[in-house]
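Q: I have a model open and would like to go through how it is put together. Can you take my questions as they come?

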Amino acid sequence: SQMLRLVATPSNLQNLVTFLLGMAMTLVINRWWTMREKFNAMLSGSEGMSLMASSLVGTPGSEKAGLSAPEAHLRQEIVRYCNLGQRLLTLEAQRSFEDGGAPDGPFKELLVSKLITTEEVKVLHGQEMAGNRHTTVFYWLTALLRQCTQQGRVAFSDLMLTRLSSNIGKMHRNADDVLTLLSSQLPYAYIQLLSWCVVVFLFMNTCYTANKLFSGMSFYGAERTNLYFWSFFEVSLRVSVFMGIPVMFGFFDNPFGHDAANFPT
């Protein structure tokens, strides 16, 4: 009937569904890309901090005479804290501490790799607020650099302490931004509206195609008997695309893990 053809015309919803999907995909990709930039900036800051520590920590002339045991230990500690803060951020992003951070859980890996000590595990184990652990490590790193400066083990101490502290602050802000982006997702109501519109649109499109095939109507001037296969192909393609795009949102939701779409950690 004419009323069925009017109601089942998919173009009534196609523009709305396309707009909603396009806006959602833009927001998701922008969120993922910003998270990627922040995470890369944090990694670059960690590597730069390790390099600066290797070149600046030590008494004058120690490079020729050889580092003393305390100076070598200080360099190792600075590099270890940089790597530990980076690794803790990754574990927090992967929600590995949601079980309470038991020592036989994510901390076991850190203990085996000697990135953390047993005493530090006890301190971090008591912090249940998300994002607290890497913040504590950056605080330890800042305190260690101040101690090195007071002992005269940092070259150009007044200038370098300010610069190193600024670098640690940038690393901390980038790490916090990553966790903030992870916790801020698309509104639940928007996702439900989008899913409902997609399902209704695909149902209407399928009904419209079937109505044209079995009512004697033609597609673009061709006879309907020649287009059964192509109609099935068209409907299948629409379903795959419009149902596949929302599924892609899940791959970009948390890019920290072991999937192909996740960041290398």
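Predicted model: local features only at pLDDT ≥ 70, side-chain atom pairs only at ≥ 80, totals over all residues.

Q: What is the handedness of the crossing where α4 passes α7?

A: The crossing of α4 and α7 is left-handed.

Q: Which residues meet there, in α4 and in α7?

A: On the α4 side, the residues are Leu74, Glu77, Ile78, Tyr81, Cys82, Leu84, Gly85, Leu88, Leu89 and Glu92. They meet Asn132, Arg133, His134, Val137, Phe138, Trp140, Leu141, Leu144, Leu145 and Cys148 in α7. The contact of α4 with α7 has 14 nonpolar, three polar and three charged residues.

Q: That leaves α7 with α8. At what angle do they pack?

A: About 175 degrees, with the axes of α7 and α8 10 Å apart. α7 and α8 are therefore roughly antiparallel to each other.

Q: Which residues of α7 and α8 make the contact?

A: α7 contributes His134, Thr135, Phe138, Leu141, Thr142, Leu145, Arg146 and Thr149. α8 contributes Ser157, Leu161, Leu164, Ser165, Ile168, Met171, His172, Ala175, Asp176 and Leu179. By class, the contact of α7 with α8 has nine nonpolar, seven polar and two charged residues.

Q: Thr149 is in that list. Is Thr149 buried or exposed?

A: Thr149, in helix α7, has a relative accessible area of 16% and is buried. Beyond its neighbours within four places in sequence, Thr149 is in contact with Val154, Ser157 and Leu161.

Q: Stepping back, how many helices and strands are in the protein?

A: The protein has 10 helices and zero strands. Of its 265 residues, 40% are buried.

Q: What share of contacts join residues at least 24 apart?

A: Counting contacts between residues at least 6 apart in sequence, 72% join residues at least 24 apart.

Q: What about the largest nonpolar core, how many residues does it have?

A: The largest nonpolar core has 62 residues. Those with the most contacts inside it are Val17, Phe39, Met42, Met49, Leu84, Leu110 and Phe256.

Q: Which elements give two or more residues to this core?

A: They are α2 (11-56), α4, α5 (106-112), α6 (118-125), α7 (132-150), α8, α9 (188-214) and α10 (228-253). α2 gives the largest share of this core, 16 residues.

Q: Give me a residue in α2. What is Ala24 in contact with?

A: Ala24 lies in helix α2. Leaving aside neighbours within four places in sequence, Ala24 is in contact with Leu186, Tyr190, Leu194 and Phe249. The C-alpha atoms of Ala24 and Leu194 are separated by 8.7 Å, though 170 residues apart along the chain. Ala24 is buried, with a relative accessible area of 0%.

Q: Now the loop between α5 and α6. What is the phi of Lys114?

A: Lys114, in the loop between α5 and α6, has a positive phi of about 60 degrees although it is not a glycine. Most residues other than glycine have a negative phi. Lys114 counts as exposed, at 68% relative accessibility.

Q: And Leu115, buried or exposed?

A: Leu115 counts as buried, at 17% relative accessibility. Leu115 is found in the loop between α5 and α6.

Q: What does Leu115 touch?

A: Not counting residues up to four places away in sequence, Leu115 touches Arg80, Asn83, Leu84, Arg87, Leu110 and Glu120.

How values were computed:
Residues numbered from 1 in each chain as written. Heavy atoms only, no water. Core = buried A, V, L, I, M, F, W, Y, C linked by side-chain atoms within 4.5 Å. Buried < 20%, exposed > 50% of the residue type's maximum accessible area, 1.4 Å probe, protein only. Helix = DSSP H or I, 4+ residues; strand = E, 2+ residues; numbered from the N terminus. Left-handed = near helix turned anticlockwise from the far one by under 90°. Contact = heavy atoms within 4.5 Å. Nonpolar A, V, L, I, M, F, W, Y, C, P; charged D, E, K, R; others polar. Axes fitted to C-alpha atoms, helices over the stretch in contact; angles between N-to-C directions. Parallel < 35°, antiparallel > 145°, perpendicular 65-115°, else oblique.
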